[in-house]
Amino acid sequence: MANIKSQKKRVLTNEKARQRNNAVKAELRTAIRSVNSAVKSADKESAGTALTAASRKLDKAVSKGVIHKNNAANRKSAIARKVGSL
């Protein structure tokens, strides 16, 4: 552990940010998994709504700085392609 007071504070805030980022990433994985399961069951309507929700979550993660915008674009493109193939 650091001896400098400001660094002690940074350690605490970094841990909070890490926890928050992990929670957001877990939500993204769940959203994308729901799109994939809807595509697998060939349910076009639920796949569309899941795609919309997942896209919103990806955009939100980009705006919060959790993932890079190109990463989100690639993921959105991949799930949109799957939904479009129905």
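This note covers the salt bridges and a charged surface patch of the structure above.

1. The model is predicted: local features need pLDDT of at least 70, side-chain atom pairs count only at pLDDT 80 or more, and totals for chains, interfaces and linings use all residues. Residues are numbered from 1 along each chain as its sequence is written, and side-chain values use heavy atoms, with hydrogens and water left out.

2. Three salt bridges are present in the structure (a side-chain nitrogen of Lys or Arg within 4 Å of a carboxyl oxygen of Asp or Glu). One joins Glu-15 to Arg-18, at 2.8 Å from N to O. Both residues belong to helix 1 and are three residues apart, about one turn of the helix (helices are DSSP runs of H or I, at least four residues, numbered from the N terminus).

3. A salt bridge also links Lys-57 with Glu-27, at 3.3 Å from N to O. Because Lys-57 is in helix 2 (residues 44-63) and Glu-27 in helix 1, this pair ties together parts 30 residues apart in sequence.

4. Lys-76 and Asp-59 form a salt bridge whose closest N and O atoms are 2.8 Å apart. Lys-76 lies in helix 3 (residues 69-84) and Asp-59 in helix 2, so the pair ties together parts 17 residues apart in sequence.

5. Lys-25, Arg-29, Arg-33 and Arg-75 gather in a surface patch of positive charge (residues with over 30% relative accessible area and no salt bridge, like charges being joined within 9 Å). Helix 1 (residues 5-40) supplies the largest share, three residues. Arg-29, in helix 1, is partly exposed at 48% relative accessibility (between 20% and 50%, with a 1.4 Å probe and protein chains only).

How values were computed:
Patches are made of residues with over 30% relative accessible area and no salt bridge: like charges are joined within 9 Å, nonpolar side chains (Val, Leu, Ile, Met, Phe, Trp, Tyr) within 5 Å. Accessible areas come from the Shrake-Rupley method with a 1.4 Å probe; for residues, only the protein chains shown count as cover. Lys and Arg count as positive and Asp and Glu as negative; His and the chain ends are not counted. The place of a charge is taken as NZ of Lys, CZ of Arg, CG of Asp or CD of Glu. Helices (H or I, at least four residues) and strands (E, at least two) are DSSP runs, numbered from the N terminus.
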